[in-house]
Amino acid sequence: MYLDPQDGKEPMFKAAVRLLHNHGESLDPLQVLERLSSDMPLQLASETILRMLRARLHHHRQGQIVHNLSRALHTDARLARLEERSRHVQINDESLCDSCHARLGTKLFAMYPDDTIVCYKCFRRQGESTSVTGRDFKRDTLVKPGWLVTR
């Protein structure tokens, strides 16, 4: 309306630039450039359009930062899971259950994230998420230091 008024009125370039200045960050800078009148002096709107482009670039780069941080957290979680799955424990004839103190020998056993070892009977009795020490791994997770998490 400001750039192409009806009834033979003159275009109101300064009012159009003021409108862009106040609401321009939500608009696409390329569409704004396409819709500008060819009669409009570009230096009137250049500062506002430059600000719009900078805001768009800033928003894009913030999105890239968030995306890459998310990828880094995902990679850290996968690494922690791989380390947990590759842990080894050596059980011999003298190894004892940390709960009932029965010899493990060739029995089935379970190992909790806090490295407590229990026979399968105690594991079934206590549940998958609660260790002999009383720690509930579903409620308070065990976070081991990684490159993103430090203690």
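Biologist: Happy to look at this one with you! What volume does the second largest pocket have?

Modeller: Keep in mind that the model is predicted. In this model, the volume of the second largest pocket comes to about 350 Å³.

Biologist: Which residues of its lining are the closest to the centre of that pocket?

Modeller: The second largest pocket is lined by 14 residues, which divide into nine nonpolar, two polar and three charged. The closest to the pocket centre are Leu-3, Leu-19, Leu-20, Leu-27 and Arg-35.

Biologist: Nice. Which helix gives the most to the lining of the second largest pocket?

Modeller: Two helices, H1 (13-23) and H2 (29-35), each supply at least two residues of the lining. With four residues, the one that gives the most is H1.

Biologist: And which element supplies the largest share of the largest nonpolar core?

Modeller: That core has eleven residues in all, including Leu-3, Phe-13, Leu-20, Val-32 and Met-52. Both H1 and helix H3 (42-85) supply at least two residues of the core. The largest share is four residues, and it comes from H1.

Biologist: Over to the aromatic residues, then. What is the angle between the planes of Tyr-112 and Phe-123?

Modeller: The structure holds two aromatic pairs. Tyr-112 and Phe-123 form one that is tilted, at 6.0 Å centre to centre, with an angle between the planes of 45°.

Biologist: How many residues apart in sequence are the parts that this pair ties together?

Modeller: Tyr-112 sits in the loop between E1 and E2, while Phe-123 belongs to helix H4 (residues 120-126). The pair therefore ties together parts whose separation in sequence is eleven residues.

Biologist: Is Phe-123 buried or exposed?

Modeller: Phe-123 belongs to a second, separate core of ten residues, along with Ala-110, Val-118 and Cys-119 among others. The cut-off for burial is under 20% relative accessible area. Phe-123 has 16%, so it counts as buried.

Conventions:
Residues numbered from 1 in each chain as written. Predicted model: local features only at pLDDT ≥ 70, side-chain atom pairs only at ≥ 80, totals over all residues. Heavy atoms only, no water. Phe/Tyr/Trp six-rings, centres within 6.5 Å; stacked < 30°, edge-to-face > 60°. Buried < 20%, exposed > 50% of the residue type's maximum accessible area, 1.4 Å probe, protein only. 1 Å grid on protein atoms, 1.4 Å probe; cavity = no way out; pocket = protein on both sides within 12 Å on 5 of 7 lines; lining within 4 Å. Points joined across faces, edges and corners; volume = space filled by probe spheres on them. Nonpolar A, V, L, I, M, F, W, Y, C, P; charged D, E, K, R; others polar. Core = buried A, V, L, I, M, F, W, Y, C linked by side-chain atoms within 4.5 Å.
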